[in-house]
Amino acid sequence: MENGGGMFRKLWKLSLLLLTAVGAFLIYKFAFLMPDVTESVYAQTIYPFFTQIIGNLTKLVSFSVGELLLYIFAAYLIFGIVFTFFSFFKPKGRKLYHFCKRILTLAIVICMVYSSFILNWGINYARKPLADTMGLEIQEATVAELKDTAIKLADKANSLRQQVSEDANGVFALTHSKEIVLETVQNVYDACAPEYMNLGVKTRVKGVLTPNLLSTFRTTGIFSPFTYEANVNMQMPELYFPAVAAHEYAHLKGFAREDEASFVAWYVCSKSEDTDFAYSAYAYALT
């Protein structure tokens, strides 16, 4: 039987794996100090390369690999917690060792997931603001400016409304199925997005396997930074469906901030010759 010192050394060596998360955190914070370098080196070079390698594999299957991994990870956490509890049934003198080892193992797995998130995609939060890349001047908006913008968006949406299809009840209806829309998003980006908005893998957006779960939490879409998959809730109203799909695709293109991903979705879709995408973009912008 191992003595206390031997068990402690094993735990100490195991705990060194926690440093992966510390390293990833330091890289993440350091990236914010040099947004221009982060933009050119990571966002426009390293990250697109990652998406080409992994994204070209995950796009070979029709279902969302990332969503499946999320459920597996959740099941692992539940199993890990129960397994840790059973360490108290170990022989006397080894209960604390097994409890600490199992807690440490859980912590290491979580740290590795965190590190993977940061290195795979999270550093994009530190890239140069989109406004700087586009040469836009950002300033506080007045109430009058917000009102004027809303009116212009509404007028454009009303104009496009005359060009789209509707169902028997007079409600907007997509010209094509939602599945076709998911396949079309990459074509809209190819046609309307400038190069820096369309780097990396080209792939279809995927519908989630469990839309009821997302609907329960009022979630329209999710992006998997581990498998580079943009996913949307297939139960979403058709009005916002193209724009939300384009929003999740913007995350795939490296735009991590929610406001920037929404702006990119509007910017790209509003230029599309597909009126379903353009109308959805302006309705989406009004929200």
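How many cavities of 30 Å³ or more does the count give? The count comes to one cavity of 30 Å³ or more. The structure is a predicted model, in which local features need pLDDT of at least 70 and side-chain atom pairs count only at pLDDT 80 or more, while totals for chains, interfaces and linings use all residues. Residues are numbered from 1 along each chain as its sequence is written, and side-chain values use heavy atoms, with hydrogens and water left out.

## The cavity

On a 1 Å grid over the protein atoms alone, a cavity is a set of points where a 1.4 Å probe fits but cannot get out, and lining residues have an atom within 4 Å of a point. A volume is the space filled by probe spheres set on the points, which are joined across faces, edges and corners. The largest cavity has a volume of about 30 Å³.

His176, Ile180, Val181, Thr184, Asp274, Asp276 and Phe277 line the largest cavity. Two or more of these residues come from each of α8 (178–192) and α12; α8 has the largest share, with three residues. Helices (H or I, at least four residues) and strands (E, at least two) are DSSP runs, numbered from the N terminus. By class, three lining residues are nonpolar, two polar and two charged. Here Ala, Val, Leu, Ile, Met, Phe, Trp, Tyr, Cys and Pro count as nonpolar, Asp, Glu, Lys and Arg as charged, and the others, Gly among them, as polar.

A pocket is an open set of grid points with protein on both sides within 12 Å along at least five of seven lines. The largest pocket has a volume of about 780 Å³. Its lining holds 22 residues, of which Ile138, Leu146, Thr149, Phe263 and Trp266 are the closest to the centre. Elements that give two or more residues to this lining are α6 (130–134), α7 (143–161), α11 (258–270) and α12 (275–286). The lining of the largest pocket divides into 13 nonpolar, four polar and five charged residues.

The second largest pocket has a volume of about 460 Å³. Of its 22 lining residues, Gly66, Leu70, Ser224, Pro225 and Phe226 are the closest to the centre. At least two lining residues each come from α4 (65–85), α5 (95–120), β4 (221–224) and α10 (241–252), and α4 gives the most, with seven residues. The lining of the second largest pocket has 14 nonpolar, five polar and three charged residues.

## The sheet

Three strands form an open sheet of mixed pairing in the order β3-β5-β4. Because β3 (206–207) and β4 stand at the edges with a single partner strand each, one side of each is left without a neighbour in the sheet. Two strands pair if DSSP finds at least two bridges between them.

β3 and β5 run parallel and are joined by two bridges; glycine 207 has valine 232 in β5 as its bridge partner. β4 and β5 (residues 229–232) pair in the antiparallel sense over four bridges, with phenylalanine 223 opposite alanine 230 in β5. Four residues lie between β4 and β5 in their hairpin, and tyrosine 228 in the turn has a positive phi of about 55 degrees.

## The nonpolar patch

Leu57, Leu60, Val61, Phe63, Leu68, Leu69, Ile72 and Leu209 make a nonpolar surface patch of about 720 Å². The largest share of the patch, three residues, comes from α4, and leucine 68 has its place in that helix. Patches are made of residues with over 30% relative accessible area and no salt bridge, and nonpolar side chains (Val, Leu, Ile, Met, Phe, Trp, Tyr) are joined within 5 Å. Accessible areas come from the Shrake-Rupley method with a 1.4 Å probe, and for residues only the protein chains shown count as cover. A salt bridge is a side-chain nitrogen of Lys or Arg within 4 Å of a carboxyl oxygen of Asp or Glu.

Key:
Patch = residues over 30% accessible without salt bridge, like charges linked within 9 Å, V, L, I, M, F, W, Y side chains within 5 Å.
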